[in-house]
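User: I have a structure open and have not looked at it before. Can you walk me through it?

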Amino acid sequence: MKSERHEKILELIKGNAICTQEELADALNRAGYNVTQATVSRDIRELSLTKISVDGKRQKYVALQTTPLQLNDKYIRVLREGFVSMDMAQNILVIKTVAGMAMAVCAALDALAWEEIVGSIAGDDTIMCAVRSVDDTRHVMDKIKKIIR
């Protein structure tokens with residue numbers, strides 16, 4: 001279902017000047033996909049959609065032309081460069097980063113789309129990740145350790 005919806009999103013943004021998440025959600029709902037704005041927001045992030053100028057005033061969504069492998073390499077590089085340390089408190093993973101890098105590292109983690117991570121919040125040098133379980137938190141920590149080596 002998600003992959004079909006993603007294909008439909010790409011089709012919709014290619015053929016229409018869709019400028020907002022609400023417009024995209026409306027178009028998807030008209031096409032028979034029952035979506036919320038939160039779902040559309042996640043889809044936009046997962047598809048790495050960006051906005052370009054339409055007429056110098058308005059912007060529309062477009063798909064970046066990069067492969068998943070290129071994206072993963074980029075995100076892994078950001079994670080390696082920004083990571084300082086991490087610790088866990090039950091199912092909360094706290095990651096310390098170089099000052100000013102938390103948002104970039106957090107975006108990289110989000111883009112890797114690990115199913116164990118429910119969501120994350122970034123400050124200036126700290127990220128808090130809500131993880132599904134204590135075991136999943138340990139698993140995510142192991143994944144990060146492997147990446148930063």
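User: Which residues of helix 1 meet helix 2?
Analyst: This is a predicted model. In it, R5, K8, I9, L12 and I13 of helix 1 meet L24, A27 and L28 of helix 2. By type, the residues of this contact are 6 nonpolar, no polar and 2 charged.

User: At what angle do the two helices cross?
Analyst: Roughly 115°, with the axes of helix 1 (residues 2–15) and helix 2 (residues 21–30) coming within 11 Å. The crossing is right-handed.

User: How many bridges join strand 4 and strand 6?
Analyst: Strand 4 (residues 92–97) and strand 6 (residues 126–131) pair over 5 bridges, in the antiparallel sense. L93 has C129 in strand 6 as its bridge partner.

User: What about the largest nonpolar core, which residues touch the most other members?
Analyst: L93, I95, W114, C129 and I144, out of 21 residues in that core. Helix 4 (68–82), strand 3, strand 4, helix 5, strand 6 and helix 6 each supply at least two residues. Helix 5 gives the most, with 6 residues. There is also a second, separate core of 15 residues, including L24, A25, L28 and V35.

User: Back to I144. Is it buried or exposed?
Analyst: I144 has a relative accessible area of 0%, so it counts as buried, the cut-off being under 20%. I144 lies in helix 6.

User: What is I144 in contact with, leaving aside neighbours within four places in sequence?
Analyst: I144 is in contact with F83, M86, L93, I95, L109 and W114.

User: And L93, on the same terms?
Analyst: L93 is in contact with M86, D87, I127, M128, C129, V131, T137, V140, M141 and I144.

User: How far is I144 from G123?
Analyst: Their C-alpha atoms are separated by 19 Å, and the two residues are 21 apart along the chain.

Terms used: Residues are numbered from 1 along each chain as its sequence is written. This is a predicted model: local features need pLDDT of at least 70, side-chain atom pairs count only at pLDDT 80 or more; totals for chains, interfaces and linings use all residues. Side-chain values use heavy atoms; hydrogens and water are left out. Two strands pair if DSSP finds at least two bridges between them. Helices (H or I, at least four residues) and strands (E, at least two) are DSSP runs, numbered from the N terminus. Buried means under 20% relative accessible area, exposed over 50%, partly exposed in between (1.4 Å probe, protein chains only). Contact means heavy atoms within 4.5 Å. Axes are lines fitted to C-alpha atoms, for helices over the stretch in contact, and angles run from 0 to 180 degrees between N-to-C directions. A crossing is left-handed if the near helix is turned anticlockwise from the far one by less than a right angle, and right-handed if clockwise. Ala, Val, Leu, Ile, Met, Phe, Trp, Tyr, Cys and Pro count as nonpolar, Asp, Glu, Lys and Arg as charged, and the others, Gly among them, as polar. A nonpolar core is a set of buried Ala, Val, Leu, Ile, Met, Phe, Trp, Tyr and Cys residues joined through side-chain atoms within 4.5 Å.
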